[in-house]
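Please consult the sequence and the structure while reading.

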Amino acid sequence: MTAKCTVLRPGMGTTVQDYPGRTGYWQIGVPPSGPMDDLSFRLGNVALGNPEGVAGFEAVMAGPALRFDEPTQVCVTGAPTRVTVDGVMVPQWRPVAVPAGGVLDVGAVSGPGLRIYVLVAGGLDVPEFLGSAATFTLGRFGGHEGRTLREGDTLALGETPEARPNPVPAEAVPALSRHWEIAVTEGPHGAPEFFTRADIETLYRTDYEVHFNSDRTGVRLIGPQPDWARPDGGEAGLHPSNIHDNAYSVGALDFTGDTPILLGPDGPSLGGFVCPVTVVAADRWKLGQLAPGNTVRFAPVRAEHAASRRELGLGRRASLPAVLSAGGDGDDGVIARRDGDTAVTYRRSGDDNVLVEYGDMTLDLALRSRVHALHQHLAADSTAGLLDLTPGIRSLQVRVDPDVLPVSTLLGLLSAAEDAIPAANELVVPSRTVRMPLSWDDPATREAIARYMHGVRSDAPWCPWNIEFIRRMNGLESVNDVFDTVFGADYMVLGLGDVYLGAPVATPLDPRHRLVTTKYNPARTWTPENAVGIGGAYLCIYGMEGPGGYQFVGRTTQVWNHRHPQRSGPFEDGTPWLLRFFDRISWYPVEPEELLDLRADLAAGRGGGIEIGDGSFSLVEHEAFLDTNSDSIEAFRARQAVAFGDERRRWAEAGEFARG
């Protein structure tokens, strides 16, 4: 008979997590999830004799009360709290016995820190989704029914381990604080390209405050606004924080406009904002214990001196409240450059990621083709220690286990790959046509704008109507021209997971259809699922509800199959995501009520009004098209540039660039 525990009180935000979480799906927008403080979680498991990664509970601010139907051992770690078994106080950081029918009661956080971990001998026996039991609540999958715990939930326990339980050694217990120092490496986007030298100096000497609006997706910080090294982001957007979308690292300090956010384990895999520093892997546990009102100071370290995340004892340096460092690498996050017909820049993104960038900061499908060739080459090589490959618009992020594949060795492999991969103009790839319904200026997107104006800011240049803002920024005569442009375009998918769960970042193949906008600053706190927006020169379909910054044009059907692993309509067996790299999306208009019917149709496992056909894309043919239409393309770009400049002047006069 399987042992079980029953939830008498769920605690706050309590979920099932495992370590290292859901790996290998970063390129299509599925975050790893897993414990935000991996160190406390793993130490508790090891104390019980479990494998360090088996599933356990994570709670925020207040823990659960659980009744166990069989005798078991538990270990409570993380932030300090009152723990009792049948009303008798028991210690944290050491295994304690709970008798059959006994109640483990974990109280509220009573000191520094934010998250509590409850580990159980044998772990929790819950179904896996994409290879992990970790809960991703925004995606509604993993853990216990893809959600936080509720009163009355019953969870099965795994088999009790044979290993003898032992307390967590005192020297291994992490030091919690209200004033944190966190080790970071320089890059990927440093000075003087994106930030001024003074900006970076300010970043290192500032005690940032943790904002109350923080969660597992990211820790929002309050601090000084950068001066910025660039006047704007060019094709990527009007704000100097905007860049062509690239992959993020967990732990990156992401400037979404002027707001710094430390990206968490439920954060986005892809986005178009600069990140000046990245928390080293061994210090990312601290993100899980940052409480509102705490202060954070970033300490630059050399990547090669960063502790190993594999360490759980003194080698992790977690018991030390300060970061011991003589300084960073001093290279602004640029590890190496390679000259050639297509220049290559290798940027550091933590001690476990290298961002490989091609060419200049422009939207060029030849650069995306080069990224694809490198991606395919590395994926076929199956090098030990290579964990994830995530393409962006003109970049490929390569994530490694530095204990197996050091970054210095990786750079040699990347250099050799450049000599081996074919020329970009030889690229011919499968490219399906995907025709989808679009409810133009949908009521759900109007509601999101209204919420933004009420709760964030009402004076933004893109309010009250994003479509009018798009018209103005692109020098079009009427909003009908925006409609005609969007519905006349073929959007090529260049990345997936821009805002989670297979959400595409796509751009029109015809440059005359490339409407350029900027992103919300600050970002929206709510975006309806499958809203369609434009940011920079890119279109995105939001894979789920959540924050966002693209300018709305409407809403479409689902791009993620929540019925997975059950096949549903146009979704293929084994893959809950609808779209692929290099798909070509086009739209046909529907009324809002018709869209709701199509969404219900797709949710029920039918077609949902999506039409998919096979095809291919040839870069040579595309470049011939560009040559043939070069005059009209340049005329369009010239008109667009004038409107962009006019909008920038309006922003400057209104003090938009000086907003804190």
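His144 belongs to the loop that runs between β10 (115-120) and β11 (154-156). In this predicted model, the relative accessible area of His144 is 12%, so the residue counts as buried, the limit being under 20%. Beyond its neighbours within four places in sequence, His144 touches Val16, Thr135, Leu149, Asp153, Thr154 and Leu155.

Ala65 is part of strand β4, which spans residues 65-68. With a relative accessible area of 4%, Ala65 is also buried. Once neighbours within four places in sequence are set aside, its contacts are Thr6, Val7, Leu8, Arg9, Leu104 and Asp105.

The table lists a C-alpha pair for each of these two residues.

| Pair | Separation along the chain | C-alpha distance |
|---|---|---|
| His144 and Gln17 | 127 residues | 9.6 Å |
| Ala65 and Val106 | 41 residues | 6.0 Å |

Helix α7 covers residues 479-488, and its buried residues are Val482, Thr485, Val486 and Phe487. Which elements do the buried residues of α7 pack against? They pack against the strands β27 (433-440), β28 (491-496), β31 (531-535) and β35 (584-590), together with helix α6 (466-473).

The last feature concerns the surface. Glu591, Glu593, Glu594 and Asp597 form a negative surface patch. One of these residues, Glu593, is located in helix α8 (residues 592-603). Glu593 counts as exposed because its relative accessibility is 55%, the threshold being over 50%.

Note on methods:
Residues numbered from 1 in each chain as written. Predicted model: local features only at pLDDT ≥ 70, side-chain atom pairs only at ≥ 80, totals over all residues. Heavy atoms only, no water. Patch = residues over 30% accessible without salt bridge, like charges linked within 9 Å, V, L, I, M, F, W, Y side chains within 5 Å. Areas by Shrake-Rupley, 256 points an atom, 1.4 Å probe, with all protein chains shown as cover. Salt bridge = Lys/Arg side-chain N within 4 Å of Asp/Glu carboxyl O. Lys, Arg positive; Asp, Glu negative; His and termini not counted. Charge placed at Lys NZ, Arg CZ, Asp CG, Glu CD. Helix = DSSP H or I, 4+ residues; strand = E, 2+ residues; numbered from the N terminus. Buried < 20%, exposed > 50% of the residue type's maximum accessible area, 1.4 Å probe, protein only. Contact = heavy atoms within 4.5 Å.
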